[in-house]
Amino acid sequence: MSRRQVTNYLRPSSPEEALTLLRNGGNSARYVGGGADVARTLPGDVTTLIDLCAINLSSIEEGADGIVIGATATLNEVLESESVARVCDGVIVDMMRKVGSPLLRNIATVGGTLASAHSWSDVIPLFLVLDAQVTLYNGEYRTLSIADLYASRREFVDSILTSVRIPASAAGDYAAFHKFSRTGYDIALLNCACYVHVVDGRCAQVRIAAGGTPRLAARLSQAEDTLSQAMLDNDTIERVARVAQDTAQTADDKRASGEYRKQLVYAGVKRCLREIAQKLEGGR
Amino acid sequence: MIDITLTINGEKRRFSVGAGETLLELLRREGYKSVKKGCESGDCGACTVVLNGRAVTSCIVFAAKADGGTVLTAEGLESGGVLHPIQKAFLEEGAVQCGYCTPGMEMATYDLLSHNPDPSAIEIKEALSGNLCRCTGYVKQVKAVKTAAKKIAGEAK
Amino acid sequence: MDKQKTDFATVGKSELKVDGRGLVTGKPMFTADIDLPGTLHVKILRSPHAHARIVSIDTSAAEAMPGVALVLTHKNTPSTRYTTAGQGYPEPSPYDTRMFDTVVRFVGDRVAAVAADNPEIAGAALKAIVVTYEKLPAVLSIDESQAENAPVVHDEDDSTGIYDAKRNIVANIDILAGDVERGFAESDVIVETTCETQYAQHTPIEPHVVLSYLAPDDRLVLRTSTQVPFHVRRIVAYALGIPVRQIRVIKPRVGGGFGTKQEILLEGIAGLITLRTRRPTLIELTREEEFVSSRTRHPMRVRVKLGAKKDGMLNALEMEGISNTGAYGSHGLTVLSNTGSKTLPLYNKAQNVHFYGKAVYTNLPVPGAYRGYGATQGYFPLETAMDELAEKLNIDPVDLRRINHIRAGETSPIFVKLGEGREGVEQIIDSCELEKCIDIAAQRSGWAEKHGKKTRDGSWVHGVGMSVHMQGSGIPEIDMGAATIKMNEDGSFNLLIGATDLGTGSDTILGQIAAEVLGVPLDKIIVYSSDTDMTPFDVGAYASSTTYVSGTAVKRAAEKVREQIIDVASEMLASGMLASRMLQVDRSRLIITDKQVRTPDGKSVTLAKVCQQAMYIKDQFQIGATASGLMHQSPPPFMASFAEIAVDTETGELKILNYVVAADCGTVINPKMAEGQVEGAIANGIGYALTEEMQLSPTGGVRNPNLFDYKILGMLDMPPLDVVLVDSYEPTGPLGAKSIAEIGINAPIPTLANAIYDAIGVRLTKTPFTPEKILAALQAKNT
Ligand SMILES: Cc1cc2nc3c(=O)[nH]c(=O)nc-3n(C[C@H](O)[C@H](O)[C@H](O)COP(=O)(O)OP(=O)(O)OC[C@H]3O[C@@H](n4cnc5c(N)ncnc54)[C@H](O)[C@@H]3O)c2cc1C
Ligand code: FES
Ligand code: FES
């Protein structure tokens, strides 16, 4: 790895300045959040690094319509945030504890995590089902759902992701996350996240996603439909998990086969829904 | 080259660093050899230091990013020839075999114990999960962290 | 004469590591921790092809780059063929390697090296080297290697020591005791199983690294992370064509070895660059290079056939192994021979034993020594077959082992027939507490209550498995280690040993042995090891030899020094008394204890005084001695291994709920260190059994050359591990000690394979046992 090619390390103090610097730098400039990915796999053509952490973007604030996490907050800051812990009974905390190790989470930022869009990301599937909204800046601010963000990755040509908003949890909101990996400190062979909003014992709103399939996390709409308006009993869970298994788009890579991943989709969805069902019962 | 200031082990120092240079490269080049190199990709934890109070793998942190910050390495744990309780605990519990992972483990422990003075076994394992050791099987390191916590609590009394 | 075990003052205590203080404070103790002005940094160009001839190589552009000091290729380096295996001379490995060859034989084989002012320039210059390759057909598996008309991996005519180069056979072994045909014919029950093990790597956290420089007297110093400093000196001298006396090898602290640093990979290149440029030279492998180009475990396919009588007594035992030695034959013969020699004697009740096999070349990464050294690969089928046999005979697997395992006072025909790459030596087992190990581990793991129960917990099914093991302690009549002890006038001693502490704690353990014999606390022993200029010879750290072989040398040297001390002391004690009583100081009744020499009637003189007398006062001489350890036996340590697991029938995930091992390693010199050896070996073995695998691409490259994708166990993965060291005493060992370092790594594969069978009724015969494989096997069984 040759790091001497990099000649500039810039620390702009506003999004405007950062954007200008990036545009000036053209293809050879990169934003840096925590820099974990950039330092690890520094592309050969990069000569200018633009560190976003001097912009004041690291706060985590709880408002009426949710929790707004600044893009340069580290994953551990998110994990340790009391307001984040209140989202769906700590589901974000459960997930974050499984991201790399604390040594990584003290470096990696939420913005870098969402921008790097690793197919095996643990954050993305959960944020998908929590219906997180991101705010981007490319001269003007835009807010869009995570789903839309990844629908067209062109969003990232030069945009700065400035924050992500997690909707506040309401009564009846439940979510769970499950990760399969080879060891306790590993990226996912596959991961699943489920969210349900329960009204009168029935799943009024459902979102289910699987990541590391090995493609970028995606919603499993047929499984969602199967669960929609149903009660979370064992038979339903089994049925939903089977539909998820049958409809998930999986493929082979060096870590696992597509066939095996389908089996993991089944088990992962089942474990998530079981966990939610247990919480539901406990809540009664 | 970029000029930065770092407070390393309590000493404020100025350095001229490459824009792409990592904190690991800087620290080793400046003589902090406790900071070990095992992968240079954030996978092994041998290069762990405490940066602004938190343990990080210094091989995937740009040195320039740390500008203005404080760094603690294993060299800075010992004071006046007296071992830090964490170092003492690692030594006494037999948690050190080849010792290559040891400074990194100690720094991860330092972060853990400064935020959680009485961690459970699972909290210890999670905190040190990114510090790979090929020699020990980790049994004695988990014990060492517990012992270190006790020693520190004892000193505080 | 040995003391009674109970009398030990320092042996048997968990003394702190003598190098521990420096390690916990992060002192610059490792190879790359010192900076020398003007150091050259080296990058190595590696073959992208599994098999190719170098047609041309143009280094002119690289050489012209500012900051480049030297470029090495086959054109300007010695063409001597040697072996990289750091074994005793003459090495039982073929001389099939050149520093840089005209043919490359695996993806990652070295083509050229650039030495430059800094790593970036070296890296840039590598890219400027233009190589034209003529691709050659490659053999990418054991079967391809042994097919009719297979491409020949080593068709050069200057390699030596290859069994049959034309047929890609590095080594061939065939030994027979008794009559196996008849043995099987007379057996009531026969089982047969074939198991395959994968490419796996040692992954010490410190990759290979060497720093070379010229000493003021113009001699070459190699400061290197090695297990075998004296073999490094000899092999580098040979490969470079310079005298041994021109080289000094210093081994500083080593960041783990496990066998991979028993290989001379970088020292010759660094040394040559230093000799040519007269500048210090640093070669540090990156983690990727470590995976791609250093050493691995030998992947093997091993078949075991067992024949037994109805009562469970084994009658015939056959083992056939085929070992993949990759592109070079380093350790090919000896690892394969250990597959038989370190496993088959365990079941010495079988009188008819046949072991045969071959080690074959492929165009794949190069295996070498790896903790367990072939035994690991042999125990997988052997202990799996024993489990199958128990089931067929309807005997508890634990009882089947009890019926058949070797005991003290017994021998095995294998000991004589098969040594390490040659005939072995006769040996009668003097110490064996395997029976006790089995009892203790079975009891602590709850075997009797849990075996065969298949307890269910949702989709998870529980199972228990066990296996038993032996290893050796050094290579008898080959391994030699020496120790020198000299006394200082404050009553302290310098212990100089060739033995190589690579994190195992051997400096401490050998210091404890010296302290015990000399009657002083450990802090009176100043240990210095592994420096070919300053310490006596030792073969190095491998084959579980250090405590037993080097420890014997230390004990003997200490005994000689003790005699000298007593000589001086007896004179001192006598002269201080009335002339008439002078004759009454009986040398044989003097004892050294607590830093004093004492007479039975309470007179004493301090060790410091003794040394001062010898140094300054009368008949001056240096109290000191050198002694060697050469052993005629290799007493095996023994181990019983039990695990309880749970398998998820929906995903194939496997959780180890509890792991219990009981081991007999003779006298435990330092309990915490011995436990640490077992814990580390079990952890490494579990990784090998469950997650670790070097994945190879269809063209022979490593697909996961990093710790991101090659998964070794982390702290979260360790199961509760209960290690019991069972008390025993090996009469031939120093203060009763045998070895402990390797044996544990053999256990997890068969123990877990048997536990999987107990839980879900499928036998896995290919490692690693990934959830995907477990699930596939389960589904295959259910359809
Ligand atoms: C050892 C290791 C283990 C890991 N394990 C896991 C795991 O278990 N689970 C998991 O989900 N992930 C894991 N990861 C991935 C990890 O989460 C990402 O590497 C990390 O989140 C990147 O964050 P960062 O802030 O360091 O990104 P950076 O390296 O700073 O940036 C990554 C990319 O995003 C761009 N970028 C950064 N910030 C912004 C922004 N605000 N706006 C626009 N673009 C931006 C950068 O230009 C770059 O292209 C692991 C990574 C490592 C190194
Ligand atoms: S060297 Fe930094 S994590 Fe391995
Ligand atoms: S003690 Fe050797 S790597 Fe941990």
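Is Glu224(A) buried or exposed? I looked up its accessibility before anything else.

**Entry: ground rules.** I am working with a predicted model, where local features need pLDDT of at least 70, side-chain atom pairs count only at pLDDT 80 or more, and totals for chains, interfaces and linings use all residues. Residues are numbered from 1 along each chain as its sequence is written, chains are lettered from A and ligands numbered from 1 in the order in which they are written, and side-chain values use heavy atoms, with hydrogens and water left out.

**Entry: Glu224(A).** I found Glu224(A) at 8% relative accessibility, so I note it as buried (under 20% relative accessible area; exposed is over 50%, partly exposed in between, with a 1.4 Å probe and protein chains only). Glu224(A) forms a salt bridge with Arg219(A), with 2.6 Å between the closest N and O atoms. By salt bridge I mean a side-chain nitrogen of Lys or Arg within 4 Å of a carboxyl oxygen of Asp or Glu. Arg219(A) has 36% relative accessibility and counts as partly exposed.

**Entry: chain B.** Next I checked Arg54(B), which pairs with Asp111(B) in a salt bridge at 3.3 Å between the closest N and O atoms. Arg54(B) is buried at 19% relative accessible area, and Asp111(B) is buried at 6%.

**Entry: chain C.** I then saw a salt bridge between Arg401(C) and Glu383(C), 3.0 Å from N to O. Both Arg401(C) and Glu383(C) are buried.

**Entry: the wider view.** Over all chains, I get 81 salt bridges.
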